[in-house]
Amino acid sequence: MHYPDDTPAGYVIYQNGTSKVYDEDGNLLFEVEGVFPPIPSKVNYSWIDTILEKGLPDGRKRFILYVASRYLVNVKNLNEDEALEKLKEFYYKTGSGKIYDTWIRSVIKGVKTKGLRPPSLKKLQEKDPELYEEIRRVLG
């Protein structure tokens, strides 16, 4: 980290979902949950809210794993229980099948610990064209 005049201003250690901020002498200044300083979001994530609201007929588990969990935990900053409920609500909105709380919790913990952010629609199109097409159908 640096001050505006580019002089050193300390450093941050990110571990287990928490950022510890130290001054240049190594004294702990404060701890904050999540990544510090926060990553400015230039990505428009409104499409994720739409999908969570409308549901997806296919690819729901992949959407939870790669998009929704990251969005709810690391963008919306929901706690584990709130994120779990939102993800279950989304999963059972359309289609059939069963999803286990333990799987969702492990996904939530993983994305929180690693500070993973959801991909943009463009990135998703490159990485998982099949899921992208499902999302595009729902978005119209």
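# Questions on a predicted model

Me: Leaving aside its neighbours within four places in sequence, which residues is Leu52 in contact with?
Reply: Leaving aside neighbours within four places along the sequence, Leu52 is in contact with a set of residues that includes Tyr71 and Lys93. This is a predicted model, and in it Leu52 is found in helix α1.

Me: Is Leu52 buried or exposed?
Reply: A residue is called buried when its relative accessible area is under 20%, and exposed when that area is over 50%. The relative accessibility of Leu52 is 11%, and therefore this residue of the chain counts as buried.

Me: What distance separates the C-alpha atoms of Leu52 and Asn27?
Reply: Along the chain, Leu52 and Asn27 are 25 residues apart.

Me: Which element supplies the largest share of the largest nonpolar core?
Reply: The largest nonpolar core holds 26 residues, and those that touch the most other members are Trp47, Ile48, Ile51, Leu52, Leu56, Phe63 and Ile135. At least two residues of this core come from each of α1 (46-54), α2, α3, α4 (101-114) and α6 (129-139). The largest share, seven residues, is supplied by α2.

Me: Leaving aside its neighbours within four places in sequence, which residues is Ile48 in contact with?
Reply: Ile48 is listed with Leu52 among the residues that touch the most other members of the largest nonpolar core. Once neighbours within four places in sequence are left aside, the contacts of Ile48 are Phe63, Val67, Tyr71 and Pro118.

Me: At roughly what angle do the axes of α2 and α3 cross?
Reply: Two packed helices are described by the angle between their axes and the distance between the axes. For helix α2 (residues 60-74) and helix α3 (residues 80-93), the axes come within 11 Å, and α2 passes α3 in a right-handed crossing. The angle at which these axes cross is roughly 145°.

Me: How many nonpolar residues are in the contact of α2 with α3?
Reply: From α2 the contact draws on Arg60, Lys61, Phe63, Ile64, Ala68, Ser69, Leu72 and Val73, while α3 brings Ala83, Lys86, Leu87, Phe90 and Tyr91. Sorted by class, this contact has one polar residue and three charged residues, and the number of nonpolar residues is nine.

Me: Why is one side of β1 and one side of β3 left without a neighbour in the sheet?
Reply: Three strands form an open sheet with antiparallel pairing, in the order β1-β2-β3, and its neighbouring strands are turned by 20° against each other on average, direction ignored. Because β1 and β3 stand at the edges of the sheet, each has a single partner strand.

Me: Which residue of β3 is the bridge partner of Ser19?
Reply: Strand β2 (residues 18-22) and strand β3 (residues 28-33) run antiparallel and are joined by five bridges. One of the bridge pairs links Thr18 with Glu33 of β3. For Ser19, the bridge partner in β3 is Val32.

Me: Which residue in the hairpin of β2 and β3 takes a positive phi near 90°?
Reply: The hairpin of β2 and β3 has five residues between the strands. The residue that takes a positive phi near 90° in this hairpin is Gly26.

Me: What is the phi of Asn16, which is not a glycine?
Reply: Asn16 is found in the loop between β1 (11-15) and β2, and because its relative accessibility is 62%, it counts as exposed. Although Asn16 is not a glycine, its phi is positive, at about 55°.

Me: Where does Asn77 lie?
Reply: Asn77 has a positive phi near 55°, although it is a residue other than glycine. With a relative accessible area of 59%, Asn77 is exposed. Its place in the chain is the loop between α2 and α3.

Me: How far apart in space are Pro8 and Asp23, C-alpha to C-alpha?
Reply: Pro8 has its place in the segment before β1, and at 53% relative accessibility it counts as exposed. In sequence, Pro8 and Asp23 are 15 residues apart, whereas in space, C-alpha to C-alpha, the distance is 8.9 Å.

Me: What pattern does the chain follow when read along the sequence?
Reply: The chain has six helices and three strands, and buried residues make up 33% of its 140 residues. Read along the sequence, the pattern of these elements is β-β-β-α-α-α-α-α-α.

Methods
Residues numbered from 1 in each chain as written. Predicted model: local features only at pLDDT ≥ 70, side-chain atom pairs only at ≥ 80, totals over all residues. Heavy atoms only, no water. Axes fitted to C-alpha atoms, helices over the stretch in contact; angles between N-to-C directions. Helix = DSSP H or I, 4+ residues; strand = E, 2+ residues; numbered from the N terminus. Left-handed = near helix turned anticlockwise from the far one by under 90°. Contact = heavy atoms within 4.5 Å. Nonpolar A, V, L, I, M, F, W, Y, C, P; charged D, E, K, R; others polar. Pairing = 2+ DSSP bridges. Buried < 20%, exposed > 50% of the residue type's maximum accessible area, 1.4 Å probe, protein only. Core = buried A, V, L, I, M, F, W, Y, C linked by side-chain atoms within 4.5 Å.
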